[in-house]
2 protein chains.
Amino acid sequence: MMIKALVFDAYGTLYDVHSLKKACEKFFPEKGKSISIAWRKKQLEYFFQRQLMGRYRPFDELTEDALVFACKAEGVKPSQQEIKTLMDAYLELELFDEVEDVLAGCKGVQRVIFSNGSSNMIEPLVSGSQIEPHIDKIISADGVKQYKPAAPAYAYALDQLDVNRDEVLFMSSNSWDIMGAASFGFHTAWINRGRNQPDTLDIQPEKAYTDLRGILEWL
Amino acid sequence: MMIKALVFDAYGTLYDVHSLKKACEKFFPEKGKSISIAWRKKQLEYFFQRQLMGRYRPFDELTEDALVFACKAEGVKPSQQEIKTLMDAYLELELFDEVEDVLAGCKGVQRVIFSNGSSNMIEPLVSGSQIEPHIDKIISADGVKQYKPAAPAYAYALDQLDVNRDEVLFMSSNSWDIMGAASFGFHTAWINRGRNQPDTLDIQPEKAYTDLRGILEWL
């Protein structure tokens with residue numbers, strides 16, 4: 001087996017979405033954590049539901065819908081400016097500790113980010129972070145208006161690369177994402193940062209690691 | 001507007017899935033509630049995920065997958081017999097209090113159940129409960145192997161009825177289900193038993209009630 005492209009999910013895999021809780025905490029003391037958790041949970045629900053209903057909406061817009069829901073659920077009323085500032089926090093997420101070193105060490109393969117995030121979220125995030133020199137390509141699901149884990153999303157990503165399906169190693173910390181990629185036929189490594197219990201599904205990732213360093217054995 | 005068919009979701013809408021916690025509690029004292037909540041949550045995840053990936057699996061099988069996951073997550077090891085007994089509890093769910101009276105009072109319209117549950121789950125459940133005489137038809141998503149809230153599931157249900165799309169009033173307590181039905185073009189009444197906050201989506205049910213009695217105003 002010859003891996004020619006390493007394809008990384010972004011949110012939760014390279015970047016820590018829970019760094020949003022600091023931004024939430026600034027505006028809503030004592031509620032930063034609960035709002036950021038409710039925000040992420042609703043964001044996931046909304047793109048799952050929209051993909052299922054066939055009603056695509058760009059990721060930045062549904063992320064804002066989810067933020068509005070989360071704030072209301074937690075009993076706070078953000079101003080338009082606060083909402084904008086919280087959405088901007090998505091452009092400055094923190095990298096997990098080992099990410100920069102691992103990416104710098106991956107030689108001789110394409111290093112690609114493939115995210116459900118719209119281009120206006122994912123491109124500024126990458127270009128403003130330390131891994132920018134180590135990323136060869138950024139692919140957004142917005143290009144095909146189909147969200148992972150639906151098969152057409154992974155098919156679109158593959159179309160953007162000059163490699164065969166079995167030359168791709170896909171990595172995600174999200175169980176639903178790694179299952180979708182395995183179902184599509186990519187090689188898969190689950191970056192199980194949360195040490196979560198594997199799902200009882202009839203497909204499974206080929207490998208599981210607790211952080212990205214594990215993937216170096218593929219090269 | 002002339003409503004000719006009342007189409008009801010089953011789990012959570014007519015039948016209380018949280019009556020499963022008693023069955024769980026019997027085998028796993030102190031953990032009945034947490035296991036039944038984890039079970040339902042994972043069941044939802046699994047049919048969403050499978051529908052998204054295009055990997056259909058019958059509802060009884062994925063419900064058992066979800067139970068196995070939930071037990072493991074809660075640190076208990078059920079025997080095969082205990083799993084069977086818990087799955088059988090799905091065939092004896094309790095009706096919500098007002099359901100029988102409301103259904104008995106709906107005259108001159110078809111009364112239909114349309115569920116993601118497979119026929120071997122939903123038919124024994126209905127035939128063993130007091131509403132059996134008040135139900136004219138049972139439709140399972142298994143007939144088309146597409147789960148709600150995907151549009152082909154609602155389209156299949158409509159095909160089974162001798163009415164037009166705008167002659168259907170669809171009712172569900174599940175937000176994702178009522179949104180899917182509204183997106184498809186049914187009239188919709190959200191039975192918001194949990195008094196949950198409405199989702200911030202660009203589609204909404206036409207009406208919301210806290211129990212089924214509200215629907216009588218449509219007739």
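**Close-up views of a predicted model**

**View 1. Strands S1 and S6 of chain B side by side.** Strand S1 (residues 5–8) of chain B pairs with strand S6 (residues 168–172) of chain B in the parallel sense, over four bridges. Pairing here requires at least two DSSP bridges between the strands, and strands (E, at least two residues) and helices (H or I, at least four) are DSSP runs numbered from the N terminus. B:Ala5 stands opposite B:Val168 in S6(B). This is a predicted model, with local features needing pLDDT of at least 70 and side-chain atom pairs 80 or more, while totals for chains, interfaces and linings use all residues. Residues count from 1 along each chain as written, chains are lettered from A and ligands numbered from 1 in written order, and side-chain values use heavy atoms, without hydrogens or water.

**View 2. The open sheet of chain B.** Six strands run in the order S5-S4-S1-S6-S7-S8, with parallel pairing. Strands S5 (137–140) and S8 (207–209) of chain B each have a single partner strand, so one side of each lacks a neighbour in the sheet.

**View 3. Helices H1 and H4 of chain A.** H1 (residues 20–27) and H4 (residues 80–89) of chain A pack at about 160°, their axes 9 Å apart; axes are lines fitted to C-alpha atoms over the stretch in contact, with angles from 0 to 180 degrees between N-to-C directions. H1(A) is therefore roughly antiparallel to H4(A) (angles over 145 degrees). The contact (heavy atoms within 4.5 Å) includes A:Leu20 and A:Phe27 of H1(A) and A:Glu82 and A:Leu86 of H4(A).

Definitions and conventions: Parallel < 35°, antiparallel > 145°, perpendicular 65-115°, else oblique.
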